[in-house]
Amino acid sequence: MRDDHRMVLVRRDRFRRWADGADADLDPTMAYLGAPGEEERFAHPAGGDLCTSVTFEPRLWEGFRGGTTVHVDACVDLAHRRLLAAADGGDVDYALAEELLRLIASVAVRPADRARRGGP
């Protein structure tokens with residue numbers, strides 16, 4: 001059980017996440033929002049998945065809901081890739097902070113979907 005607010009974007013491969021009775025299949029076309037106190041389980045059938053996790057202060061979490069998945073369209077994918085490039089580039093001129101804000105803004109305008117209840 002984690003105690004943070006977070007957004008997790010899948011960078012490679014796929015896995016299944018169960019959180020508080022809801023499940024979601026996640027791959028690079030999906031992201032999920034996690035909240036404190038969620039009981040989580042993961043299944044990694046192929047292994048080797050790679051994710052980017054962004055942690056939020058509680059006061060910045062307003063408007064996001066835990067247990068949701070977000071479709072990663074081209075706009076979100078581009079913002080994610082730009083964030084990763086800024087992180088690899090040594091963060092010249094605060095590029096990392098700017099790209100992180102772009103990524104959060106691109107996800108914040110997307111309607112979040114509730115993960116499926118129950119299992120297969």
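A polar contact here is a pair of N or O atoms within 3.5 Å, where one must be able to donate a hydrogen and the other to accept it. Keep that handy for the exercises below, and remember that this is a predicted model.

**Exercise 1: Arg6**

Work out whether Arg6 is buried or exposed, and find what its side chain pairs with.

*Solution.* 
- Start with the location: Arg6 sits in strand β1, which covers residues 5–12.
- Next, burial. The cut-off for buried is under 20% relative accessible area. Arg6 comes in at 0%, so it is buried.
- Now look for partners. A polar atom of the Arg6 side chain is 2.9 Å from the backbone oxygen of Asp4.
- There's also a side-chain partner: Arg6 makes a polar contact with the side chain of Glu40, at 2.9 Å.

**Exercise 2: Helix α1**

Check the length of helix α1 against what its residue count predicts, then work out how its buried residues are arranged.

*Solution.* 
- Length first. Helix α1 runs over residues 74–88, which is 15 residues. The expected span is 1.5 Å times one less than the number of residues. That gives 21 Å, and the end C-alpha atoms are 21 Å apart, so the two agree.
- Now list the buried residues of α1: Val76, Ala79, His80, Leu83 and Ala86.
- Look down the axis of α1: these residues fall within an arc of 125°, so they line one face of the helix.
- Turn to the face pointing away from that buried side, and you'll find the exposed residues Ala74, Arg81 and Asp88.
- What covers the buried residues? Strands β1 and β6 (50–56) are included, along with helix α2.
- Finish with the ends. Asp73 caps the N-terminal end of α1, with a side-chain oxygen 3.1 Å from the backbone nitrogen of Cys75. Just after α1, Gly90 has a positive phi of about 85°.

**Exercise 3: Ser106**

Place Ser106 in the fold, and find which residues it touches beyond its sequence neighbours.

*Solution.* 
- Ser106 belongs to helix α2, residues 95–108.
- Its relative accessibility is 7%, so Ser106 counts as buried.
- Leave out residues up to four places away in sequence, and Ser106 touches Cys75, Val76 and Ala79.
- Take Cys75 as a check on distance. Ser106 and Cys75 are 31 residues apart along the chain, yet their C-alpha atoms are separated by 6.8 Å.
- Last, the polar side: a polar atom of the Ser106 side chain lies 2.8 Å from the backbone oxygen of Leu103.

Terms used. Residues are numbered from 1 along each chain as its sequence is written. This is a predicted model: local features need pLDDT of at least 70, side-chain atom pairs count only at pLDDT 80 or more; totals for chains, interfaces and linings use all residues. Side-chain values use heavy atoms; hydrogens and water are left out. Helices (H or I, at least four residues) and strands (E, at least two) are DSSP runs, numbered from the N terminus. Buried means under 20% relative accessible area, exposed over 50%, partly exposed in between (1.4 Å probe, protein chains only). Contact means heavy atoms within 4.5 Å. The arc is that of the directions from the helix axis to the C-beta atoms.
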